[in-house]
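The stops below proceed from one selection to the next.

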Amino acid sequence: MAGPWPLLRSILRNCVAGTLVGVTVNDRYASVVTVRGTSMNPTLEPQQGDRALVSRLCLDARYGLSRGDVVVFRSPTEHRSLVVKRLIALPGDWIQVPAAQEIRQIPVGHCWVEGDNPDVSWDSRSYGPIPLGLMQGRVTHIVWPPNRIGPVERKMPEGRH
């Protein structure tokens with residue numbers, strides 16, 4: 001009698017394989033993030049428990065990031081935190097800083113991000129251009145709750161064209 005070992009070995013092998021596939025997909029292709037804070041209202045609503053699908057394919061030069069994308073990046077001031085904002089300007093772009101009446105050129109390897117709810121958003125207006133190396137991906141869809149499932153629109157805020 002073989003005992004429970006063949007069954008246990010099969011279950012363990014499947015768990016390890018599933019974990020490796022899950023980690024690879026999360027690291028290279030896509031992940032789901034929970035939205036916190038109100039800086040991206042009304043696009044993303046943390047009060048509704050929004051969960052967003054983040055595509056990492058945009059980090060490959062072939063796919064790239066575009067102005068108006070909603071992006072996820074590591075906070076430039078607290079590297080353990082992920083932040084969700086809208087991409088306003090790319091390297092080499094000139095941008096007028098709201099409220100400062102200042103025009104700046106975005107340095108090579110950096111971008112400018114802003115929240116859709118400027119009154120409560122801590123973004124590039126506070127800490128300046130962020131390094132592209134902090135980018136984690138582009139938000140493509142809201143995947144939870146069910147009544148909000150759908151694509152996230154790529155758009156520039158009014159007056160930021």
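**First stop: strand β7**

Select residues 110-114, which form strand β7; four of these five residues are buried, so the strand is largely enclosed by the rest of the structure. Here buried denotes under 20% relative accessible area, exposed over 50%, and partly exposed the range in between, with a 1.4 Å probe and protein chains only. Strands (E, at least two residues) and helices (H or I, at least four) are DSSP runs, numbered from the N terminus. This is a predicted model, in which local features need pLDDT of at least 70 and side-chain atom pairs count only at pLDDT 80 or more, while totals for chains, interfaces and linings use all residues. Residues are numbered from 1 along each chain as its sequence is written, and side-chain values use heavy atoms, with hydrogens and water left out.

**The neighbours of β7**

Two strands are taken as paired if DSSP finds at least two bridges between them. Within this pairing, Leu87 stands opposite Val113 of β7. Next, select residues 130-131, strand β8, which runs antiparallel to β7 and is joined to β7 by two bridges. There, Pro131 of β8 faces His110.

**Glu114**

Return to β7 and display the side chain of Glu114, a residue of that strand. Is Glu114 buried or exposed? Glu114 counts as buried because its relative accessibility is 5%. Its side chain makes a polar contact with the side chain of Trp112, at 2.8 Å. A polar contact is a pair of N or O atoms within 3.5 Å; within protein, one must be able to donate a hydrogen and the other to accept it, and residues adjacent in sequence count only if both atoms are side-chain atoms.

**The aromatic pair**

Rings of Phe, Tyr and Trp (its six-membered ring) pair if their centres lie within 6.5 Å; planes under 30 degrees apart count as stacked, over 60 as edge-to-face and the rest as tilted. The count by this rule is one aromatic pair. Select Trp122 and Tyr127, whose arrangement is edge-to-face, with 6.2 Å centre to centre and 65 degrees between the planes. Trp122 counts as exposed, at 54% relative accessibility, whereas Tyr127, at 18%, counts as buried.

**The whole chain**

Finally, clear the selection and view the protein chain, which has two helices and ten strands. Of its 161 residues, 37% count as buried.
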